[in-house]
Each structure stands twice: as structure tokens, then as C-alpha cells.
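Q: Hi! I've got a structure open here and I'd like to talk it through. Can you help me read it?

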Amino acid sequence: MTSQKKQPCRKKEYQKISFDLKLSIIDQINNGQISVNHASNKYNVSRSSIDYWLKKLSNFESKSKVMSKNDELKKLREKVEELEFIKELQQDIIIDFQDITGKELSKKLLPKTLAKEIETRKRNRLK
């Protein structure tokens, strides 16, 4: 018998990936657009490299998008004001509808707290 020498495993050669492309791949994986395996095949990158990027660069991406607390509070206050305006508009529409049709929809169909708000709003409009 002749003994055959074992040849070392060939390493798969990968191309260098730019930092922007790494962030793009991580973003696609985090958003569920592609899986790690699909990204590995598509971009010719090892799965272990992608896992490493996910650990290291996911934090980088989230830190770059963090807004200051003041900006966040300002946005939340604006959203609250917008929602309160929409709520008041809807209540006005319900009151107008009740005046036109003569039916008390708020008492029958809406929660008690909203019905009470509409009633007080209706009384304030009449004054």
C-alpha cells in the first residue's frame, strides 16, 4: 500500500470589504432583509467575519444615531401636541355629527372617559 500525503485544506480567499459596505451589510441583516448566510454568499465574506462585524459595529451604528435627551424630549412634546390637536379635531367632528343627526353616538360607542370629554367640550362650545 502506498500512503498518500494529506494536503492542507485550502483557505477560501475573500476580498477586502470597505467600512461603508460592512455597515450596509449589518444594516440589511438587522432589518431582516437578508440572512447572515445569504450575505456571506452574496458578498463573498465568511459568516464568522459577519458575526464579528455584528458584535463590533452594531454598537458603532447605534451610537452614531443617538440623539441628545433635549432633542428627544422636544420631539416627544411636539408629538404630544400633534396628537392632542388630532383628538380635539375628532371630538369636534363627533359633536358636529351629533348636532346634525341628533343621535348620541359618544355615549353608546365610545369609552366613558371619552364620552365625558365630548360632553364637557360640547357644553363649553355652547357657552
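Predicted model: local features only at pLDDT ≥ 70, side-chain atom pairs only at ≥ 80, totals over all residues.

Q: What comes just after α4?
A: That's G102, which takes a positive phi of about 80°.

Q: Let's zoom out. How many helices and strands does the chain have?
A: There are six helices and zero strands. Going along the sequence, the pattern reads α-α-α-α-α-α.

Q: What share of the chain is buried?
A: Of its 127 residues, 20% count as buried.

Q: Okay, charges next. How many salt bridges are there?
A: The structure holds three. As background, side chains of opposite charge can pair when their charged atoms come close.

Q: Which residue does K87 pair with?
A: K87 meets E117 through their side chains, at 2.8 Å from N to O. This pair links distant parts of the chain: E117 sits in helix α6, residues 112-126, while K87 sits in helix α4, 30 residues apart.

Q: Are those two buried or partly exposed?
A: Both ends are partly exposed: E117 has a relative accessible area of 31%, and K87 has 34%.

Q: What about D92, which residue does it meet?
A: D92 forms a salt bridge with R121, at 2.9 Å from N to O. R121 lies in helix α6 and D92 in helix α4, so this pair ties together parts that are 29 residues apart in sequence.

Q: How accessible are R121 and D92?
A: R121 is partly exposed, with a relative accessible area of 23%. D92 counts as partly exposed too, at 23% relative accessibility.

Q: And which residue pairs with K122?
A: K122 pairs with D99, and their side chains meet at 3.7 Å, N to O. Here again distant parts of the chain are linked, with K122 in helix α6 and D99 in helix α4, 23 residues apart.

Q: How far apart are D99 and K122 if you go C-alpha to C-alpha?
A: That distance is 9.8 Å in space.

Q: Why does K122 count as buried?
A: Its relative accessible area is 16%, and buried means under 20%, so K122 falls in that class.

Q: Last topic: the surface. Which residues form the negative patch?
A: The negative surface patch is made of E78, E81, E84 and E88.

Q: Where is E84 found, and is it buried or partly exposed?
A: E84 is found in helix α4, and it is partly exposed, with a relative accessible area of 45%.

Note on methods. Residues numbered from 1 in each chain as written. Heavy atoms only, no water. Patch = residues over 30% accessible without salt bridge, like charges linked within 9 Å, V, L, I, M, F, W, Y side chains within 5 Å. Areas by Shrake-Rupley, 256 points an atom, 1.4 Å probe, with all protein chains shown as cover. Salt bridge = Lys/Arg side-chain N within 4 Å of Asp/Glu carboxyl O. Lys, Arg positive; Asp, Glu negative; His and termini not counted. Charge placed at Lys NZ, Arg CZ, Asp CG, Glu CD. Helix = DSSP H or I, 4+ residues; strand = E, 2+ residues; numbered from the N terminus. Buried < 20%, exposed > 50% of the residue type's maximum accessible area, 1.4 Å probe, protein only.
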